[in-house]
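Hi,

Here is the structure I promised to pass on. Have a look at it first, and then read on for what turned up.

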Amino acid sequence: MLDALRKGAGTWVAKLFIALLVMSFAVWGVADIFQGFGRNVAAKVGNTEISLFTFDRTYRQDLNNLGRQIGRPLSTTEGAQFGIPQQTLGKLVAEAAMNEKATQLNLGISDQKLAELIQAEPAFQRAGGGYDRAQLQQALRNAGLTEDEYVVERRQLAERQQVAEGLSGGMLAPNAYLEALHSYQAETRNISYVVIENSALETVEDPSDDQLAAFFEAEKSRFKAPEYRAVALLELSPSKLARPDDVSDNDVSAEYERDKDRFSQPERRRVRQMSFTSADEAEAAAEKLAAGTSFDELMNERSLGDNDVNLGLMAKSDFLDEAIADAAFSIGEGATSGVVEGRFASVILDVVEVQPESTKPFAEVADDIRQTLASEQAEREVLDLLDEIEDARAGGAALTEVANRFGLEIQTPAAFDSTGKDENEAVVTLPETDGLVSGVFDSDLQVENDPLPLGDRGFLWYEVTNVIPSRDRELSEVRDRVAAAWREAEVAKRLETLAADSLAKLNAGTDINALAEELGTAVKTATDVSRTGDNGDLGRDALSAAFAGPVGTTAEVPATNAPARLVLKVDAVNSAAFFAEAQDVLQLRQQLSRQLQDSLLNQYVSDIEQKAGVEVNQAAIAQVIGLTGNN
C-alpha cells in the first residue's frame, strides 16, 4: 500500500538518487559522524527527518515485493546485493525533499478534504461500491501501519501532490515537439536493394602455407585451447544401488500374488450406443432392429456417424451408468440390445468387440517385479548412505576413500571445458544434473564440494582432480579449422570489396537494375519500410543507413544472412499526416507530457536537495540491512 501512497514520487526518484547514495556511502564510511540528529533517524533533508523505523518498514516491503517477483523470500543482506537499500532510501529521501518544500510553503489540507480523499481510495471500496472502513483496517494491518500513521502519510502525500501539481500539473507537450517526434516515428521509405552473396564470387582457392601461417598468428586467440578440468564423480542413486540379483524368487512370487490386479486386464468391450429423446422413439427403433434392420442401417437413417455412437473400448467399471454397463456386458459380441433405460436417456447398445479378461503370466513380469523391488530397497538405502557419506566427507575422507568404504563406483569422465566439451570438442557424457559443469569451474583442486541433487532421489559428489591450463595451440593441431576460418574471412573480405565497388558504380550513375544484372542477381524492393519494422533482408544496419539521408541515399551494409552484403538506394520518403486528435497522437502527447513533467520534477527535487542538504546515517542503515559485521 505504501507504493500506492507514494505514487506521486515513484516516477522521478530512481535515476536521481541511486547514484548519489552509492557515491555517498562510499565516501562517508560507517562511523556515526552526524551530530544533527539521533540514532533513530535514517536520513535527513533540511529539517525533515526520515525515521529509522520508516526506513526499516519500507525496506522490508520492497524486499517482499522483489521476493514475490523472483519466487522466494529475500533476507535483508540479500536485498543489499540487489541494491534495494539505495532504492528504498532514494524514495524516502525524495519524499522528504518534497515534504521539506511543502513545509516551507506552508501548504496544508483540511481534515474534511483529507477524509474525503481517504474514503475515495479504490483500495477501501466495498464490492458493490462505497467506502468500507473494514477494507481500510485490513489494508493497514497488511502494511504494518496504524491508522494515525496512515493519516499522517496521506496528509503528506496530498501536500506533496500540491507542490507537484503547482509545478508541472497540466503541462502538455508543445504541438511542434509532438509533430516533430510523430513525423520521425511514422515516416516510412521505399527502398531498392541488391543482395550480394557468395555465388557472385569466383571460387576461393585454398590458402598457401604462408597465408595460413600469417592468418593463424593474427588470429591465434581464436584457436586457443581453453582450460580443461578432470573430475572424480561419486553418484548415489537408486539405479546405482539397486541389486536385482539379491531379490529372492520367493519375494518376487509373493509380490506377484499380492499385487496381481496390477498385471490383470478385466474384460473390455467396444460398444456403440444410440440415444433417443423418448421411450416411444427408442421402442420404434428396437422394433426395426428386431425386424432385420442392422444397427449401421439405423445409424444411416438417423444421420449418425461413428463418432456419434462409439463409446470406445471400456471395462464394465468404466461406465458411469450401471444399467447401461449391465446391458453392455450381458450380450455377446456382434449382438444388439433392446431398449435400455439409462439415467439420462433411453438407449440401444451394439457390442462390436469383446476382449476377454487376461492376466500376464508370472514368467512374463518376474524381471520387472524383481527390478521394482530392488529399486524400492535402493531408495531406502540412498537416504541412509547420504548421512554416512556426508559424515565421512566431513571427517576428511576423499571421494575415492568414500567409494571404497561403501562399495560405490568412482566415475572419471574425460577432462572437459566450461561448455562440457573434451579436447576434441566432443560433448562429454556427464550425469544429468544442473550446476555440475559450472560448479566444477567454480571449485578449486581437491576441494570438498556440496553434493548436487540427481534425479528425484539421487545425489552426486564431485571433486576436481586436475586442472589443464589454457594454452596457445600449434597450427598443426588446428590446421583444418584455421583453413576453414581463413576461407570464411576471405569470402567476407571479397564480398565487402565487391559491395564497395558496386556502391561506387551506383553512385557514379549506373542503374541499379543494370548493376544487379552484372552481379547475376535481381533487384528487390521494399515499400513503406519503418525505422523499427521487421523487413526480412533489411537488418538494423540497412535501416539505419536508409534513414540517414534524403531520397537517393545509397549505402552498402551487411545483409542479415552474413557474410552477404547489401547495396541499397532510397527511392521515396513517405511522410505521415499529422492529426492532433488521432488516437496514436493523443497517446504520444500523453507520454511526452509525462516525460516533461517528470524531467521538471527531477530538476526541482535536485534543487531542493542542494539547498536544504541531505544527510544519511549509514551506520544505522547498515545495522538495519545486516551489514555491520562488514564495516
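This is a predicted model: local features need pLDDT of at least 70, side-chain atom pairs count only at pLDDT 80 or more; totals for chains, interfaces and linings use all residues.

**Two helix pairs**

Two packed helices are described by the angle between their axes and the distance between the axes. Take helix H5 (residues 84-104) and helix H8 (residues 147-168): they pack at an angle of about 75 degrees, and their axes are 9 Å apart. H5 and H8 are therefore roughly perpendicular to each other. If you want to see where they touch, look on the H5 side at Glu95, Met98, Asn99, Lys101 and Ala102, which meet Gln156, Glu159, Arg160, Val163 and Ala164 in H8.

**The chain as a whole**

Stepping back, the protein chain has 24 helices and 17 strands. How does its radius of gyration compare with that of a compact globule of 631 residues? Such a globule would be near 25 Å, but this chain has 39 Å. Along its principal axes, the C-alpha trace spans about 100 × 85 × 75 Å.

Of the 631 residues, 40% count as buried. The accessible surface of the chain comes to about 35000 Å², and carbon and sulfur atoms hold 47% of that. If you count the contacts with a separation of 6 or more, 71% of them are between residues 24 or more positions apart.

Most residues other than glycine have a negative phi, and most peptide bonds are trans. A few places here go the other way:

- The peptide bond from Ala562 to Pro563 is cis, with omega near 10 degrees. You'll find Pro563 in the loop between strand E15 (554-558) and strand E16 (565-574).
- Glu425 isn't a glycine, yet its phi is positive, near 65 degrees. Glu425 sits in the loop between E11 and H19, and with a relative accessible area of 45% it is partly exposed.
- Asp528 is another non-glycine with a positive phi, about 50 degrees. Asp528 is in strand E14 (residues 524-529) and is exposed, with a relative accessible area of 51%.

Thr412 is in the loop between strand E11 (410-411) and helix H19 (436-442). Is Thr412 buried or exposed? Its relative accessibility is 62%, so Thr412 counts as exposed. Leu452 is 40 residues away from Thr412 along the chain, and their C-alpha atoms are separated by 17 Å.

Next is Glu179, in helix H9 (residues 175-186). Glu179 has 41% relative accessibility, so it counts as partly exposed.

Last, Ile512, which lies in helix H21 (residues 512-519). Why does Ile512 count as buried? Because its relative accessibility is 10%, and buried means under 20%. Which residues is Ile512 in contact with, leaving aside its neighbours within four places in sequence? They are Ser192, Tyr193, Val194, Leu506 and Val523. Pro73, on the other hand, is 439 residues from Ile512 in sequence and 62 Å from it in space, C-alpha to C-alpha.

That's what I have for now. Enjoy looking around!

Cheers

Definitions and conventions:
Residues are numbered from 1 along each chain as its sequence is written. Side-chain values use heavy atoms; hydrogens and water are left out. Axes are lines fitted to C-alpha atoms, for helices over the stretch in contact, and angles run from 0 to 180 degrees between N-to-C directions. Helices (H or I, at least four residues) and strands (E, at least two) are DSSP runs, numbered from the N terminus. Angles under 35 degrees count as roughly parallel, over 145 as roughly antiparallel, 65 to 115 as roughly perpendicular and the rest as oblique. Contact means heavy atoms within 4.5 Å. The radius of gyration is taken over C-alpha atoms; the globule rule is 2.2 Å times the number of residues to the power 0.38. Buried means under 20% relative accessible area, exposed over 50%, partly exposed in between (1.4 Å probe, protein chains only). Accessible areas come from the Shrake-Rupley method with a 1.4 Å probe; for residues, only the protein chains shown count as cover.
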